Amino acid sequence: MEIVTYTTVETFVNHLPEVTWVGSLIKAVLILAVISAIAGFGTFIERKVLAFMQRRLGPMHVGPYGLLQLAADGIKLFTKEDIVPQNANKLIFMIAPAITAATAFIALSAVPVFPDFTIPKFIPVLGGTFVPSIASDLNIGILFVLGMMAAGLYGPLLAGMSQANKWGIIGAARTAIQFLSYEVVTGLSILAPIMLVGSLSFVDFNNAQAGGIGSWLIWQQPVAFVLFLIAGFAETNRTPFDLLEHEAEVVSGYATEYSGMRWGMFFIGEYANMITISVIAAIVFLGGYSEGGLGWLTIILKVGFFFFLMLWVRAAWPHVRPDQLMWLCWKVLMPIAVINVVITGIVMMV
Amino acid sequence: MGLEQFKNRNVGTQNYKMLDLGETPTSGMDKFKQVVQRTFKVELFIGLWVTLREMINALLRGQMHTVKYPFEKLPISPRYRAIHDMLRLLESGHYRCIGCGLCEKICISNCITMNTRYDENQRKEVSEYTINFGRCIFCGYCAEVCPELAIVHGPRYETASEQRASFSLFEDMLTPIDQLNLQKEYDGFGAVTPNADDNIKQTPLAY
C-alpha cells in the first residue's frame, strides 16, 4: 500500500496528525472486516425487514431471533461444491465473481466510512497511530468511487456471457442496458453538488456541510438528490431496476449457473455496493459525519436509513422493464439532470 | 342461453363490456402530460406507506400472521373430521359402543371392520374393531349414524405414522380410562344440537 499524502491538505483541518502507512493499513483492514461483516448481516436484515413488511417473522430458528442464520448460510456457501458448467469459459467464469466483490471493496477504499481517530497511547505497538477517515483520500474521490462501481458491472456482464446459458446471456445483455442507462444520470446528477463544493474529495464535501442541518446540500440540490438516489438504485441492481437477475423473468439472470462461494461473492459485492451508495448519499447530500463528536453515530444513522430505504422500496414497488429503464434514464432523468446543472451554474455565476 | 352462442368463437361479435381506461395519449404533448401527472401524483409514496404500515402493525400491534406451527397450533373447528375417537360413558367408564354395526354398514369406503359377541351378561361386546386408515376418506358418516355418540371424529390431524396400522385399533381410539375426566363431547355431525331442548316436541302418536 502506498503512503497516502493529502493533496487537499489546506482544506483539511491543519492540526491533524500526519497519516502514516500503518494508519492507512489499519483503516483498510477495518473497512474490509467491518463492511464484509455488515454485508453479511445486511442479508439477514433484508430478510427480516421484507418479512415484517409482509407480516411474517423471517428467519427465526437458528439462534435467538434467527441471528445465527448468517453462520448457517455461510457454512452452506463455503462447503457447497464449486460447479463450473460444461461449455462455460472456465477462466472468465471463475474470475467474474471476484471482479464484483473486489471492485466493491476497492470503491470503499476512497469512501470515508467512519470519522478519524487516534489509537490510545497505552495500547502497545500501535498506540498513538492516527487512523484517517478514508483509507486513501484521493483528490478525485467521487470520480474514483463511481468509476470503480461502474467497473463492478463487468462482473455480471462477464459472468452472464461466459456461462453458456441463455438466461445468463439475457442477464448479461440486461447488464449492458442498465450500464448504458444509469451511468450518465449518476455523473450528471452529482455534478451539481460538485460544482457547489468545488472539490471531488469526500472530506471536502463533509467539511463544507459542517454547519448543521441547514447547511446540508440536500436543501440546495433536492433534484440532484432524487436523481442520484434513482441512479444509485440502478447501480446496485436494487428492486425497481433489478433487471439482471429478476427471478420471475430470467431465472436468476447472470447468476443462474453459479453456486457456493462464487455466488456468495456476487452477493457480498452487491451488499457492499449498497453500503457504498448509502455512504455517498449520506456524505454528499446529508452532511456526512460532520456533527462534532457525534459524527460516528449520525453517519451510521444516515447510512442505515438509506439501507433501510432500499429494502423498503423492494417490499413496496414492482420493477420496471429494461426498455422502461432506458426510457426513464435517457428521456426523463438525463434532461432533468442537465437542466439542474445549468441552473446551478447560472445561480453560481449571478 | 342457447348452444349457438357457446359455439361462436369469433372474438368481438359477442357482447363484451369494455372498461373505461381513458384514452391512450397519441401526440407527444399528451404523453408528456401523462408522465408529469403520474410523476407528481404521490402513488409511489402511498405504496411505501402501505408496506411501512403493515410493518408497524406486525411489530407493534401484534398483527403478525406467522404461526410457528410445530410449537403453536391454531384452534380447529369442533366439526373438523380427523382420526376417530371412541368415547366412554362418563358415569361407568364403560365404552359407549353397543356393537350395533351401523358404522360398518354405512361406511362408503368399507374401511370399518368389527366383530361382536355376547358377554357373560348377555350384552353385546365389541371383540374386534379396526378402521383401515389407508382407505378411510373421513366423510363422517360413521359419526353421524352412531346412535350412542360412541364413534366420533377427534382433533388429531397430524396423522403421519410409521405404520399403516397406527391409530386404527379400538384401544388406540378409545379414551384412556385415566383421562376420562378430560373427555370432550363431540360437536360435529350427528351430535346433539345446542338448542336440542327447544326442538323437543310431543311424539305425534295420532296419525
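In what order do the elements of chain B run from the N terminus on? They run α-α-α-β-α-β-β-α-β-α-α. This is a predicted model: local features need pLDDT of at least 70, side-chain atom pairs count only at pLDDT 80 or more, and totals for chains, interfaces and linings use all residues. Residues are numbered from 1 along each chain as its sequence is written, while chains are lettered from A and ligands numbered from 1 in the order in which they are written. The predictor gives the complex an ipTM of 0.76 and a pTM of 0.76.

**Chain A overall**

- Chain A has 13 helices and 2 strands. Helices (H or I, at least four residues) and strands (E, at least two) are DSSP runs, numbered from the N terminus.
- Along the principal axes, the C-alpha atoms of chain A fill a box of roughly 60 × 55 × 45 Å.
- Buried residues make up 44% of the 350 in chain A. A residue is buried if 20 or more other C-beta atoms lie within 10 Å of its own, exposed if 12 or fewer, and partly exposed in between; C-beta atoms are placed from the backbone.
- Of the contacts in chain A between residues at least 6 apart in sequence, 79% join residues at least 24 apart. Contact means that the C-beta atoms of two residues, placed from the backbone, lie within 7 Å.

**Chain B overall**

- Chain B comes to 7 helices and 4 strands.
- Its radius of gyration is 31 Å, but a compact globule of 207 residues would have one near 17 Å.
- The C-alpha atoms of chain B fill a box of roughly 100 × 60 × 45 Å along the principal axes.
- Residues 24 or more positions apart make 71% of the chain B contacts with a separation of 6 or more.
- Mean pLDDT in chain B is 83, and 95% of its residues reach 70 or more. The pLDDT is the predictor's confidence in each residue, from 0 to 100.
- Confidence in chain B is lowest in helix α1 (residues 3–7), at a mean of 71, and highest in helix α4 (residues 102–106), at 92.
- Where pLDDT is low, the predicted coordinates should not be read in detail.

**Where the chains meet**

- In chain A, 10 residues are in contact with 16 residues of chain B.
- On the chain A side, α1 (21–53) and α12 (295–316) each give two or more residues. The most, 3 residues, come from α12(A).
- This side of chain A divides into 8 nonpolar, no polar and 2 charged residues. Ala, Val, Leu, Ile, Met, Phe, Trp, Tyr, Cys and Pro count as nonpolar, Asp, Glu, Lys and Arg as charged, and the others, Gly among them, as polar.
- Arg56(A) lies in the loop between α1 and α2 (69–79) of chain A. Leaving out residues up to four places away in sequence, Arg56(A) touches Ala51(A), His65(B) and Thr66(B).
- Arg56(A) counts as partly exposed because 15 other C-beta atoms lie within 10 Å.

**Helix α1 of chain A**

- α1(A) has 33 residues and reaches 46 Å from first C-alpha to last, close to the expected 48 Å. The expected span is 1.5 Å times one less than the number of residues.
- Its buried residues include Gly23(A), Ile35(A), Ala39(A), Val49(A) and Phe52(A).
- Covering the buried residues of α1(A) are elements including α3 (90–108) and α11 (260–285) of chain A and α3 (43–60) of chain B.
- After α1(A) comes Arg55(A), with a positive phi near 55°.

**Nonpolar cores**

- The largest nonpolar core has 88 residues; Val111(A), Val145(A), Val185(A), Ala272(A), Ile275(A) and Ala281(A) touch the most other members. Such a core is a set of buried Ala, Val, Leu, Ile, Met, Phe, Trp, Tyr and Cys residues joined through C-beta atoms within 7 Å.
- The largest share of this core, 16 residues, comes from α11(A).
- Beyond neighbours within four places in sequence, Ala281(A) is in contact with Phe228(A), Leu229(A), Gly232(A), Leu286(A) and Phe306(A).
- Another core lies apart, with 16 residues, among them Met86(B), Ala143(B), Ala150(B) and Ile151(B).

Conventions: The radius of gyration is taken over C-alpha atoms; the globule rule is 2.2 Å times the number of residues to the power 0.38.
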